[in-house]
Amino acid sequence: MADETKATDAGQRYAQSLFELTIEGNQLTKVEADLKSLKAMYADSADLRRLVASPAFSSEDKAKGLAAIAKKAGFQPLTSKFLGLVATNGRAGDLMGAITAFSELSAKHRGVVSAEVISATELTAAQLKGVQAALASALGKTPELSTRIDASLLGGVKVRVGSRLFDASLRSKLDSLKFALKRA
């Protein structure tokens with residue numbers, strides 16, 4: 001699956017608008033929980049990814065599908081309206097980027113930095129605590145971690161903090177070695 005979490009300009013504008021509405025309505029934590037839940041559903045469901053990304057579905061169909069998901073999941077009314085607006089305006093493809101941008105805005109508002117830890121296998125609680133401690137000392141802020149598994153890494157971890165990527169994966173080390181051997 002391609003990395004669809006990068007926020008486009010449109011995604012950032014939608015995220016900024018939603019963020020401002022959640023602050024006004026004092027719903028930041030609830031809406032953020034809804035969006036994290038939707039992001040997890042998106043990662044787990046090929047059908048949802050197809051609905052959001054495929055041009056075969058009309059904007060109205062995407063809006064109906066996202067509304068049904070929001071209703072079934074018990075999302076906040078503001079979250080449901082946001083999903084409907086994004087889909088109706090033909091921007092469903094920007095949805096995951098908007099969620100990422102919203103999470104970044106929320107983390108900045110709370111004074112924490114969000115970091116994504118990508119590993120080849122599930123990390124233990126002790127390993128996550130070690131990564132969190134290392135990031136806290138390197139960044140000077142408390143990191144809020146999200147995890148993702150990518151078996152193609154073979155081993156090690158990648159940590160993405162904003163636009164920075166710390167790559168300590170076995171895959172990248174093997175690629176570097178392969179490149180060095182080809183040059184020799």
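The chain exposes about 10,900 Å², of which carbon and sulfur atoms supply 55%, the areas coming from the Shrake-Rupley method with a 1.4 Å probe and, for residues, with only the protein chains shown counting as cover. This is a predicted model, in which local features need pLDDT of at least 70 and side-chain atom pairs count only at pLDDT 80 or more, whereas totals for chains, interfaces and linings use all residues. Residues are numbered from 1 along each chain as its sequence is written, and side-chain values use heavy atoms, with hydrogens and water left out.

**Overall make-up**

- The secondary structure comes to eight helices and four strands, where helices (H or I, at least four residues) and strands (E, at least two) are DSSP runs numbered from the N terminus.
- Read from the N terminus, the order of these elements is α-α-α-α-α-α-β-α-β-β-β-α.
- The C-alpha trace spans about 55 × 40 × 30 Å along its principal axes, and buried residues make up 33% of the 184 residues; buried means under 20% relative accessible area, exposed over 50%, and partly exposed in between, for a 1.4 Å probe and protein chains only.
- Of the contacts (heavy atoms within 4.5 Å) between residues at least 6 apart in sequence, 67% join residues at least 24 apart.
- There are 26 positive and 19 negative side chains, and the centres of the two sets lie 4 Å apart; Lys and Arg count as positive and Asp and Glu as negative, while His and the chain ends are not counted, and each charge is placed at NZ of Lys, CZ of Arg, CG of Asp or CD of Glu.

**Strand β1 and its partners**

- Strand β1 (residues 113-119) is largely enclosed by the rest of the structure, because six of its seven residues are buried.
- Seven bridges pair β1 with strand β2 (residues 143-149) in the parallel sense, two strands being paired if DSSP finds at least two bridges between them; within this pairing S114 stands opposite E144 of β2.
- Between β1 and β2 the chain passes through helix α7 (residues 125-139), and this β-α-β crossover is right-handed, meaning that, with the strands pointing away from the viewer, the path from the first strand over the helix to the second runs clockwise.
- β1 is also joined to strand β3 (residues 156-161), antiparallel to it, by five bridges, and E116 has R160 in β3 as its bridge partner.

- V159 lies in strand β3 and is buried, with a relative accessible area of 7%.
- Although V159 and E116 are 43 residues apart in sequence, their C-alpha atoms are 5.6 Å apart in space.
- Not counting residues up to four places away in sequence, V159 touches A115, E116, V117, V131, L135, R164, L165 and F166.
- S169 belongs to strand β4 (residues 164-169) and counts as buried at 0% relative accessibility; leaving aside neighbours within four places in sequence, S169 is in contact with L153, G155, G156, V157 and K158.

**Positive phi in loops**

- N26, in the loop between α1 (9-24) and α2 (28-44), has a positive phi of about 55 degrees although it is not a glycine, and N26 counts as exposed at 70% relative accessibility.
- L154, in the loop between β2 and β3, is likewise not a glycine and has a positive phi of about 70 degrees, while its relative accessible area of 46% makes L154 partly exposed.
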